[in-house]
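Please work through each task before reading its solution.

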Amino acid sequence: MPINGKVALVTGAAQGIGRGIALRLAKDGADIALVDVKGDKLAAVAKEIEALGRKTTTFIADVGKRDQVYAAIDHAEKMLGGFDVMVNNAGIAQVNPIAEVTPEEVDRIFKINIEGVLWGIQAAAAKFKARGGKGKIINASSIAGHDGFAMLGVYSATKFAVRALTQAAAKEYASAGITVNAYCPGIVGTDMWVEIDARFAELTGAPKGETYRKYVEGIALGRAQTPEDVAGLVSFLAGPDSDYITGQAILTDGGIVYR
């Protein structure tokens, strides 16, 4: 187990990709701090991690609020006795034509998808430095952080921003032994994509399920992605085999976007 005994914090850990990442890191030997706004679902994930024989703790926080992110990391260190890996996974989607996007929608998605990652990078790096050790910061970007998608323009903008923050932070923190990378999922069969598909149906008149099916048909490997597919990459980035990798935003999409 390459990350045996490490302490990792995962935001947006109550469901979907975040849950998958938390479980994979626990299986690979880490103790896990689970952070989300959905406390009831966090408790269920915590039980799954405990069943794997790892320690865990939960913390309810809105990643768009800087003080709450710092508090979550302090809590993880206190309850689990260390802090080694930060996974800035929390995020939301937004489907809207650019012409119809409102200031309120922009504020909300920027606060969670961009500011949430920024505060996570900032707080994690400060804690790593305070502890006198190295650390790993891993951020959630997307295929939409490499290509802008129609009807997902503002969402794509947030994920491009995550790539920029990842590159800049990698350069700023390399001398401290902190690596910063991002993972870029594609079409994942989670609740987020149920919401995306429903919104496309509303906007375009396509039957429910049609947009999801269309995107899945375009995947070279022939199937939708699972949270476990994403989690495998995150575990690699959290472990020692990725020590010489930093500033990268790695596609894990089954073959949709090629770079």
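**Exercise 1.** Determine how the lining of the second largest pocket divides by residue class, and state which residues lie nearest the centre of that pocket.

*Solution.* Step 1: the lining of the second largest pocket has 9 nonpolar, 5 polar and 5 charged residues. The model to which this and all later values refer is a predicted one.
Step 1: 19 residues line this pocket, and Lys134, Gly135, Lys136, Gly177 and Asp243 are those that lie nearest its centre.
Step 2: two or more lining residues are contributed by β5 (135-140) and by β6.
Step 3: the volume of the second largest pocket is about 340 Å³.

**Exercise 2.** Describe the largest pocket by its volume, its lining and the elements that build that lining.

*Solution.* Step 1: the largest pocket holds about 1000 Å³ of space.
Step 1: its lining consists of 44 residues, with Ala90, Gly91, Ile92, Ala93 and Met192 nearest the centre.
Step 2: the elements giving two or more residues to this lining are α1 (16-27), β2 (31-36), α4, α5, β6 (178-185) and α6 (191-204). The largest share, 6 residues, is that of α6.
Step 3: sorted by class, the lining of the largest pocket comprises 24 nonpolar, 12 polar and 8 charged residues.

**Exercise 3.** Are α4 and α5 roughly parallel or roughly antiparallel to each other? Characterise their contact as well.

*Solution.* Step 1: helix α4 (residues 103-131) packs against helix α5 (residues 153-173) at an angle of about 15°, and their axes are 9 Å apart.
Step 1: angles under 35 degrees count as roughly parallel; α4 and α5 are therefore roughly parallel to each other.
Step 2: the two helices, α4 and α5, form a right-handed crossing.
Step 3: the contact residues of α4 include Val106, Ile109, Phe110 and Asn113, and those of α5 include Val154, Tyr155, Thr158 and Lys159.

**Exercise 4.** Are α1 and α8 oblique or roughly parallel to each other? Give the residues through which the two helices meet.

*Solution.* Step 1: the axes of α1 and helix α8 (residues 227-238) cross at roughly 50° and come within 8 Å.
Step 1: roughly parallel pairs need angles under 35 degrees, and roughly perpendicular ones need 65 to 115; α1 and α8 are therefore oblique to each other.
Step 2: the crossing of α1 with α8 is right-handed.
Step 3: on the α1 side, Gly16, Ile17, Gly20, Ile21, Arg24 and Leu25 take part, meeting Pro227, Val230, Ala231, Gly232, Val234, Ser235 and Ala238 of α8.
Step 4: the contact of α1 with α8 divides into 8 nonpolar, 4 polar and 1 charged.

Key
Residues are numbered from 1 along each chain as its sequence is written. This is a predicted model: local features need pLDDT of at least 70, side-chain atom pairs count only at pLDDT 80 or more; totals for chains, interfaces and linings use all residues. Side-chain values use heavy atoms; hydrogens and water are left out. Axes are lines fitted to C-alpha atoms, for helices over the stretch in contact, and angles run from 0 to 180 degrees between N-to-C directions. Helices (H or I, at least four residues) and strands (E, at least two) are DSSP runs, numbered from the N terminus. Angles under 35 degrees count as roughly parallel, over 145 as roughly antiparallel, 65 to 115 as roughly perpendicular and the rest as oblique. A crossing is left-handed if the near helix is turned anticlockwise from the far one by less than a right angle, and right-handed if clockwise. Contact means heavy atoms within 4.5 Å. On a 1 Å grid over the protein atoms alone, a cavity is a set of points where a 1.4 Å probe fits but cannot get out, and a pocket is an open set with protein on both sides within 12 Å along at least five of seven lines; lining residues have an atom within 4 Å of a point. Grid points are joined across faces, edges and corners, and a volume is the space filled by probe spheres set on the points. Ala, Val, Leu, Ile, Met, Phe, Trp, Tyr, Cys and Pro count as nonpolar, Asp, Glu, Lys and Arg as charged, and the others, Gly among them, as polar.
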